[in-house]
Amino acid sequence: MIRINEHYRKLKASYLFVEIARRVAAHAAAQPERPVIKLGIGDVTHALPSVAVEGFRKGIAEQAGDETFHGYGPEQGYEFLRELIATADFGERGCDVSADEIFVSDGAKCDTGNFQELFAADITVAVPDPVYPVYVDTNVMAGRTGIWRDGRYDGLVYLPGTSENGFVPPPPSQPVDLVYLCFPNNPTGSTATKAELAEWVSYARKTGAIILFDAAYEEFIRDDSLPHSIYEIDGAREVAVEFRSLSKTAGFTGTRCAYTVVPRELKAFDSQGSPHSVRDLWNRRQSTKFNGVSYPVQTAAAAVFTPEGRKEIRARSDYYLENAALIRTTMEELGYECSGGFNSPYVWIRTGTDSWAFFDDVLNRAGVVITPGAGFGLHGEGYVRISAFNHREKVIEALSRIQAALR
Ligand code: MLT
């Protein structure tokens, strides 16, 4: 008799966005006359930037001829893309990251979910609360937690992100082995200053922890004093992995391209205390389990890192940030305390009420999909998240429906 991985039994019945989709489908079936407006999952609505479309075409044209055809590519990503990323995203910001420390993939969700595989089953893991659920669920699947009890998994160290700490949890008093951080933050929209990240880097260097830094939303930063990369902090190369994504930045949610930086200096230890290169472990993992991102997607991605591509994506992120500002202003006018919406496409709204009930209420009365804060953790209760990813007219219509429903 084949047996399942028992750790899956500890997971809540469905992934947050799957549960939301289920409720939205039920609502749409019951009220087909009013189309719902989606400001829930952070899924972009604009078409690919024109340079990326051109890059895609070029890649497909090459795949169409025997002389230019590409079969299996390098599992780590093509050199042309990794070099462009190293220069455009890091070199130009004064960060020392080389192309062979960059691993191109099909998504930051997969990479942040898979990276924990490199570490022992009995390490201690810390996650912010509220948190992007992938970090938690993948550690549950790997058997690093106990059961789900009173809104939390036993065995995880939760770092409360509250209005008191500006939704930027400080390092814990106890040592942990692996920490997940995400800035600009999903879901709270908060950003971390250089001093706050430096505190984390110093904690990791002192305790031997590794930081998994999710920078998927860095393109939305407009405040020049804020760090875009953890490698802007001295000493981070010895303690941090960074995840980046083209999904929200360049409209690649349906096209799939992301990358992960694993510096050469980063080490983890075996049971005898001997150091191992985490970069080499990730390379081993990726070359075994992953066959690389398709060639045309990489030629499309490469176009995003050209000066014209960067201009186009800046215009898109400006647009979504204007949506975010509209959302924040409207919700504040309705009397809600908000965070995020500046330097971030998410607005985190304190409702002070049951967040799934608030979600259902907004869905049923306004026909607008938002995200209940409780789906991101115990400290998300009493909050909801509204995403700025939609067309302006849809956002304006959603906000006027919400105003009418909540006034
Ligand atoms: C979100 O809405 O939190 C994100 O879109 C989820 C993701 O990027 O996987």
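Visitor: Which residues surround the ligand?
Guide: Phe17, Ile41, Gly42, Lys109, Tyr132, Asn186, Tyr217, Lys248, Tyr346 and Arg385 surround the ligand; a residue is near if one of its heavy atoms lies within 4 Å. This is a predicted model: local features need pLDDT of at least 70, side-chain atom pairs count only at pLDDT 80 or more, and totals for chains, interfaces and linings use all residues. Residues are numbered from 1 along each chain as its sequence is written, and side-chain values use heavy atoms, with hydrogens and water left out.

Visitor: How does that shell divide by residue type?
Guide: Five are nonpolar, two polar and three charged. Here Tyr counts as nonpolar and Gly as polar.

Visitor: And which domains does the shell draw on?
Guide: Domain 1 (6-47 + 314-406) and domain 2 (52-307) each give at least three residues. The bounds come from an automatic or database domain assignment.

Visitor: What lies 2.6 Å from a ligand oxygen?
Guide: A backbone N or O atom of Gly42 does. So does a side-chain N or O atom of Tyr132. For Lys248, a side-chain N or O atom is 2.8 Å from a ligand oxygen. A polar contact is a pair of N or O atoms within 3.5 Å.

Visitor: How much of the ligand gets buried?
Guide: The protein buries 85% of the 270 Å² that the ligand exposes alone, by the Shrake-Rupley method with a 1.4 Å probe.

Visitor: New topic. How many cavities are there?
Guide: Four of 30 Å³ or more. A cavity is a set of points on a 1 Å grid over the protein atoms alone where a 1.4 Å probe fits but cannot get out.

Visitor: What lines the largest cavity?
Guide: 14 residues, with Lys12, Val136, Trp148, Phe376 and Gly377 nearest its centre.

Key. A polar contact is a pair of N or O atoms within 3.5 Å; within protein, one must be able to donate a hydrogen and the other to accept it, and residues adjacent in sequence count only if both atoms are side-chain atoms. On a 1 Å grid over the protein atoms alone, a cavity is a set of points where a 1.4 Å probe fits but cannot get out, and a pocket is an open set with protein on both sides within 12 Å along at least five of seven lines; lining residues have an atom within 4 Å of a point. Grid points are joined across faces, edges and corners, and a volume is the space filled by probe spheres set on the points.
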